[in-house]
Amino acid sequence: MWQMIMNELSQATLGVIHNMAEFVPRFVVMLIIILIGWVIAAALRGALRSILRLTKFDKLSEDAGATQLLKKAALPPTSELLSRFVFWIAWFGFVLVGISVLQIVGLEEHVARFFGFLPRLFAAMFVFFFGLLAASFFSRAALLAAVNADLPSPRLISTIIRTLIIIFSVSIGFEELGLGENTVLVAFGIVFGALMLGLALAFGLGGRDLARQYLERRLVHDKKEDKQDELSPL
Amino acid sequence: MQAPQDALWYKDAIIYQVHVKSFYDSNADGIGDFRGLAQRLDYLQDLGVNAVWLMPFFPSPLRDDGYDIADYYSVHPNYGTIDDFKVFLDAAHERGIRVIIEMVLNHTSDQHAWFQESRKTRDNPRRDWYVWSETDTRYKGTRIIFLDTELSNWAWDPVSKEYYWHRFFSHQPDLNYDNPAVREEMWTVMKFWLDMGVDAFRLDAVPYLVEREGTNCENLPETHAIIKELRKKLDANYPGRMLLAEANQWPADLRPYFGDGDEFNAAFHFPLMPRMFMALKLEDRKPVTEILQQTPEIPPNCQWCLFLRNHDELTLEMVTDMERDYMYDEYAKDKGMRLNLGIRRRLAPLLDNDRRRIELMTGMLMSLPGTPIVYYGDEIGMGDNVNLGDRNGVRTPMQWDGGWNGGFSAADPESLYSPLMLNPVYGYQAINVQSQKRFDHSLLFWMKRMIKVRKSQAVFGRGSIEFLYPANHRILAYVRQLDRDAVLVVNNLSSSAQAVELDLRRYKGNILIEMFGRNIFPRIGELPYLLTLGPYQFFWFRLRRI
Amino acid sequence: MPEESILTDDFLRELMNVGEVDILIGIATCNDAKTAGDVILAVRAGLLKCFPRQRAVIINADCGSQDGTPDLVRAASISDMRQGPNVHALRTLHCVSTQVPGDPHGGAALHTFLAAADLLRASTCAVFAPDSTAIEPEWVERLVRPVLRDNFDLVTPLYRRHKFDALLVRNLLYPMTRALYGRRLREPYALDFAFSGKLGSYFLGRDLWTEDSVQTGAETLLTTSALGGDFRVAQSFLGERTRGEGSPPDLVSAIRRTAGALFWSLDGNYPAWSNAKESQPVTTIGAEHEISVEPMRVDRTRLYELFVRGVSELIEPVLKPILSPATLAELQRITALPEESLRYSGELWVQTIYEFAASYHKSVISRDHIIQALAPLYRGRAFTFLVENSDATADDIENYVEALCLTFEHMKPSLLQMWAGEK
């Protein structure tokens, strides 16, 4: 019996040693992957930083108004933020890959879900960023058009445009991320109304003569007489 | 011997204009003559012409190259005798060539016996044969034709101490057609030649026959009455003969000379000629189409005579001042080339000796409505000598070969009636009949082919004309039609290649057959007919429906 | 219509029929039947009178008029099928009409003229406005002859103008063009002008026809191309500059066509304008300037209000990225003044314009927004011009503009520094 116990003990010990012998190499591989991942992620960060600097991305971001937002939140400039974000995402990805090497049951599924989520995350960021850009552009365009057409409350018009476009892009972003889909529905209703107003302004920009004449007839009746006194600039 | 009978032969004629003195000298006296002309009739027959128009050959002091006639019933001894003329006439008829001679009705030489008598005394029976006046103020406002030499239409006669009327040179007094004796005598003159067998008369200077106070003394009703009278007599006694009018007038003013088909059979279309040259320089068909649009319909038995050049200057009387200035600047930069509101140059020098342009202009001459007249020497591209006075630069000896005197005469070169062309471009060694006969790409050969093709279709001489007006104004295109025969002529007036779309829907279904090569071109359909032409190229297409 | 060609098949076919020409006249129209007919007849009379021997064509670029404008054009042609009474012409004159997209002041019309001129190998081209109601046949000669006979490449017009007319030209276009390009061309933006085939082919060949600036300011760019290149330039006095009935051109589009194009041109022509020294006179044919001073009723208050309101609304979101703090502060200071005291001085105006030009170059914000932002500021300057010259004589106006020009010239180094980023 003692022999049997000793046999079982040695077998169990052998089993543990065997398992450990299997686990340790995987663990080492995991560490190597994480280390390599760190290097690659750092390289990616550096490369992205250079690319963004070359393409003057910070200026675009300033146009979009994103830089101002980040400054208010005491965050670094957009290109730096983006580079660091990419670094952490990339490294986290490698970490997950490393963990998956350990073949811990149940973890692989989460790893796969993470990688599946990444494109949607980038898409949402893209939508949001360009939404900001569009909002800045169109709100300024509306402001200028309203000022030059001598419409009342040009700032208000401009702000409304900006807000609507931001709401629209944020809601699209959230939908992309799969968050608050009901909210999206509600937001869409708001956006639809904003879109109509946007179209009306676009009509005014694109066919501004017609729009101006129409608006003059409807809102600023007496301005027509004054126009006849206006000198020809050319 | 009479030529074949056909009352409207002149509609199918290809007329060759020649000066007897310039063509061929048979007796080595340096001047061409009738015997020489008769010897060269084979050449003319081979060329394809079927009528010859002779410049005046009557006895004359030759101060206006024979248009100052001193005797209507004879032949100038320089050119031979009456018998020589008869031999020539018969020989021409044998070859199917009709003969047209000049008949200067309006005036004579001051050396003519009639004038010599008329000026002797004021009560002379011939006094009234000319137009005399005590003053030079009658018929004020009448234009002077020879502007470069004459200051007035009146000349003082020191013999009879009165003024006499002359529309041309002062040594060419005008006959008085108000005198029936004059009219009768001129008919007698014409009968003399008609009895001999002459086929037609070119009546020189007809607009000026009669003068009336308060008019411009041109184209008066009385003149037309005289012509009608002549024509009536001609038709009654000599059917099939032709009267050809030389009247440098606008088409509308020329129209009356056809009467109701009872005056002239034919008349030169003077205004068209400079416009052909103008259209070529402008590279724009507008001058040609406009003048032909303004040309009135003529009686069915009448005919226009067309020409490019002749013995006179290229007249610019019937153009506007702007057009005249343009023509002078383009064709006669050297003021020595200008004479009497015209340009005294031959065809080839006018066209810069450009073979393509010579062919194009000849093609137009042969295809526009009318009887074409070829001036002697133009069929080989002879040049001119502007250094010879008056219009003599275009009346130099015919160039037959590269030998002695260009083959014109065996006489000493110094005794020729006119110097030969000597320069390397137009001289007789470069341009002559014999050398051109050796090559079938010569201008002479081309001219023969052209005349042959022209004669193959009666439509050219007798058909109607309908202009097409393609949007490309550099293309002059028209359809000639006679009964069921139709020919499409397309001319590129431009020095560069052109594309043209022709609206030929009226002729839909016809196949085009190019007349020189006789090749088939695509059938006419609904769509515009696209043609491309090289610089100065032209096409003649027969329209055939099979 | 073939892809990427501005010439429709029908138009090309008509050009084939026209063939090579010596003179091409372009007229862009859009429902201008009331005035275009007279313009075309005057141009035709000018051609017949002054250039009867030259091969000519009149090309009409039409926006798609519904009032029969193209038919008016075609009716003016002279051919063996069509020639009015009392019209005596040596040659056929084709009058061709083609439709182009966009408005008649767009680049498409000029592009069409240039392309046609290139294909037809026209040695001389001229463009006339369809609403030049005071046009005379002699205008054709005055513009075309210097190009055709005297080998100039660009001939711009000189007009008799009212002292308060064309303030944008007097306050911005002329002085700035003069200062930068070194040549005293009074009407750099012209609607009646002539140019050589050589200049036309050069401009046509430039790779800029898809740019927005060309779409709106092609005429200005043609002028700057000539000034910036090795081309001979002249100006020729025509007469009264009048236009048809209807409201004056919209200010923003006018600024786009002129200042917008001018600013855009500075990028490509930098070597030329940066090296240009003191301005030189340009060959002038006829009177250099004629100014009429009849009384004119002008609403200055409205200009003042638009200026002040415009500046206050735009200062933070638009003007701040464009202008320097000093200029911005000065603008704020003067907009705070009452109407009777407000003066937009020449120095401040020039500084403003140069900063705008530099900002445009750097695209601190959308370039079109920079241009639009000029409109209210121009109004302030126009207001000042009207106030300071209300009783001015013709000579006073001339001296005033000359002083402004000198200010532009003196302050040019400042622009160069801003351009290079040193400021």
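I started with chains A and C: the contact takes 20 residues from chain A and 32 residues from chain C. I count two residues as in contact if their C-beta atoms, placed from the backbone, lie within 7 Å. This is a predicted model, where local features need pLDDT of at least 70 and side-chain atom pairs count only at pLDDT 80 or more, while totals for chains, interfaces and linings use all residues. Residues are numbered from 1 along each chain as its sequence is written, with chains lettered from A and ligands numbered from 1 in the order in which they are written.

Next I asked which helices of chain A supply at least two residues each to the side touching chain C. They are α5 (107-148), α6 (154-177) and α9 (223-229). Of the elements there, α5(A) gives the most, with 7 residues. Helices here are DSSP runs of H or I with at least four residues, strands are runs of E with at least two, and both are numbered from the N terminus. By class, I noted 9 nonpolar, 2 polar and 9 charged residues on that side of chain A. Nonpolar covers Ala, Val, Leu, Ile, Met, Phe, Trp, Tyr, Cys and Pro, charged covers Asp, Glu, Lys and Arg, and the others, Gly among them, are polar.

I then checked chain A by itself. Its secondary structure comes to 9 helices and 0 strands. Among its contacts between residues at least 6 apart in sequence, 64% join residues at least 24 apart.

Chain B also meets chain C: 17 residues of chain B are in contact with 13 residues of chain C. On the chain B side, α10 (286-294) and α11 (321-331) each supply at least two residues.

What is the bridge partner of Val489(B) in β21(B)? I found Trp540(B).

Definitions and conventions:
Two strands pair if DSSP finds at least two bridges between them.
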